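Here are my notes on the salt bridges in this model. Please read them with the structure open.

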Amino acid sequence: MGYPVRRMRRLRRTSALRRLVAETRLDVADLVAPLFVREGLAEPRPIATLPGVVQHSRASLVAEARRLVSLGIPALVLFGVPEHKDPAGSGASDPDGVVEVAVRDLRDAFGDDVVLVPDLCLDEYTDHGHCGLIGRRGEVDNDATLERYAEVALAQAAAGADLVAPSGMMDGQVGAIRAALDSAGHDDVGILAYGAKYASALYGPFRDAVDVEIAGGGDRRSYQQDPANGRESLAELRLDVEEGADIVMVKPAVTSLDVIAEARRELDVPVAAYQVSGEYAMICAAAERGMLDRDAVVLETLGAIRRAGADIILTYFAREVAEILGGERATEA
Ligand code: PBG
């Protein structure tokens, strides 16, 4: 060799060396499990597009949460599926609504041993499937929706939420919710804001999970972001921090690694990323057909989300990753 070769491979030689020099790692403490609970169910119901994920009954939700908490998962995001939907999404702010009941059940069962984070939106509760109220011209009315979000936040806080997670992408939603919580004495309830949220085709399976169909074949492009835009995400995230977000979230995850990295660089609040339903479903489907190694791809994608800078990851794989990391399942990791 006539020239010096820098021996990069020296530190890759053994598994112990690789472990020693790993720049990032996955930790159960950074994982959040999204869970669905459906009003009026006696037994959990499978979700066809999300293999292994179910709509929980009240009882099965508590049982699954017990397993997750015992595995060391610190937080749960809760989505409610109400029995009745209406134009205002009344069920979302009902003190005895499906998510409020779920929060109370889980708080009773686990006290402060788990962080409870109800998703704060209207789409699961409206008959038209939009994340806000429909105005006179058929548009999603931003400011009227903010008033509903404030009511939902108060109901969720009263039920015992640690954090509320507004996901509707209305302008000013974090500020409106912060003001409502503070004026009702809930200044200790935090906001995990879906700050950068793209109008993504990767939410398809989720809509089955919560029985949402957008009226008239509509979409959410007038309020969620255009996936073409990156700069705009930082503006959205900055606004959320200014309005009082305690944690900001980027979603989907693997298609937004640039945004996650920039958010981590530019902001001083924890940054969460949501590996959404379509990201989950793609891996499940390919693994089921023998096209790739499920555990390895799960760990690699979550690892990439961490490497991009996410402090917290929401993933439907939370339980199995906790089992892998805890040594309850053998893998080549
Ligand atoms: C809206 C909401 C959605 C998701 C989380 N909150 C759906 C949407 O914006 O259409 C998607 C989550 C996923 O796909 O896993 N309440």
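**Salt bridges across the chain**

1. Arg58 is exposed, at 51% relative accessibility. The cut-offs run as follows: buried is under 20% relative accessible area, exposed over 50%, partly exposed in between (1.4 Å probe, protein chains only). The model is predicted: local features need pLDDT of at least 70, side-chain atom pairs count only at pLDDT 80 or more, and totals for chains, interfaces and linings use all residues. Residues are numbered from 1 along each chain as its sequence is written, and side-chain values use heavy atoms, leaving out hydrogens and water.

2. Arg58 pairs with Asp105 in a salt bridge (2.8 Å, N to O). The term means a side-chain nitrogen of Lys or Arg within 4 Å of a carboxyl oxygen of Asp or Glu. Arg58 sits in helix α2 (residues 58-70) and Asp105 in helix α3 (residues 98-110), so the contact ties together parts 47 residues apart in sequence. Helices are DSSP runs (H or I, at least four residues), as are strands (E, at least two), numbered from the N terminus. Asp105 is buried, at 17%.

3. Arg107 and Asp162 also form a salt bridge, with closest N and O atoms 2.5 Å apart. Arg107 belongs to helix α3; Asp162 lies in the loop between α4 (142-159) and β6 (163-166), so parts 55 residues apart in sequence are tied together. Arg107 is buried at 15% relative accessibility. Asp162 is partly exposed at 24%.

4. Glu328 bridges to Arg67 at 2.9 Å between the closest N and O atoms. A network of salt bridges links Glu64, Arg67, Arg319, Glu323 and Glu328.

5. The whole structure holds 17 salt bridges.
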